[in-house]
Amino acid sequence: MDEKSIFEKVRDREIPADIIYEDELCICFNDIAPQAPMHALLVPKKRIQRIGLASTSDSEILGHMMIKIPEITEFLGIAKSGYRLVINNGEDGGETVPHLHIHILGGRPLLWPPG
Ligand code: 5GP
């Protein structure tokens with residue numbers, strides 16, 4: 001088994017994080033370097049390196065994560081004001097942690113297009 005990713009270490013409580021939500025398939029915690037007043041990361045517990053490497057067998061996990069977003073954003077207090085979901089994939093996408101994660105950003109108006 002390769003070395004664990006940072007997010008697997010968070011999952012396994014080997015490094016600390018502000019955990020917002022957790023169930024059997026996914027975990028959500030605050031980003032260590034927030035880019036908005038509210039910036040959380042929603043991460044599958046299973047090692048899926050990036051969305052570009054997800055497969056049909058990951059459909060349940062990915063669908064589950066998406067369907068949990070209304071509940072998580074309600075808890076974060078940004079459901080009504082609005083928010084943005086971001087998945088960075090690969091070098092040009094700005095991916096820095098090779099474990100799939102959905103950024104949940106909110107708490108202020110976000111610019112478009114992104115840089
Ligand atoms: P990416 O650039 O891969 O889309 O996003 C990785 C995100 O993980 C970045 O926003 C970065 O701030 C966050 N991050 C990196 N290391 C840690 C960590 O140890 N703990 C937490 N909570 N977030 C991290």
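Analyst: Start with a definition: a residue is buried under 20% relative accessible area, exposed over 50%, and partly exposed in between. The model is predicted. Salt bridges in it number 11.

Take Lys-4 and Glu-14. They form a salt bridge, with the closest N and O atoms 2.5 Å apart. This pair links distant parts of the chain. Lys-4 sits in the segment before helix H1 (6-11), and Glu-14 in the loop between H1 and strand E1 (19-22). The two are 10 residues apart. Glu-14 has 46% relative accessibility, so it counts as partly exposed. Lys-4 is also partly exposed, at 30%.

Now Glu-8 and Arg-47. Their side chains meet in a salt bridge at 3.1 Å, N to O. Glu-8 lies in helix H1, and Arg-47 in the loop between strand E3 (38-44) and helix H2 (59-76), so the pair ties together parts 39 residues apart in sequence. Glu-8 is buried, with a relative accessible area of 3%. Arg-47 is partly exposed, at 28%.

These two pairs belong to a wider set. Lys-4, Glu-8, Arg-11, Asp-12, Glu-14 and Arg-47 are linked in a network of salt bridges.

One more bridge joins Glu-3 to Lys-9, whose closest N and O atoms are 3.4 Å apart. Glu-3 counts as exposed, at 66% relative accessibility. Lys-9 is partly exposed, with a relative accessible area of 25%.

Side chains of opposite charge can pair when their charged atoms come close.

Key
Residues numbered from 1 in each chain as written. Predicted model: local features only at pLDDT ≥ 70, side-chain atom pairs only at ≥ 80, totals over all residues. Heavy atoms only, no water. Salt bridge = Lys/Arg side-chain N within 4 Å of Asp/Glu carboxyl O. Buried < 20%, exposed > 50% of the residue type's maximum accessible area, 1.4 Å probe, protein only. Helix = DSSP H or I, 4+ residues; strand = E, 2+ residues; numbered from the N terminus.
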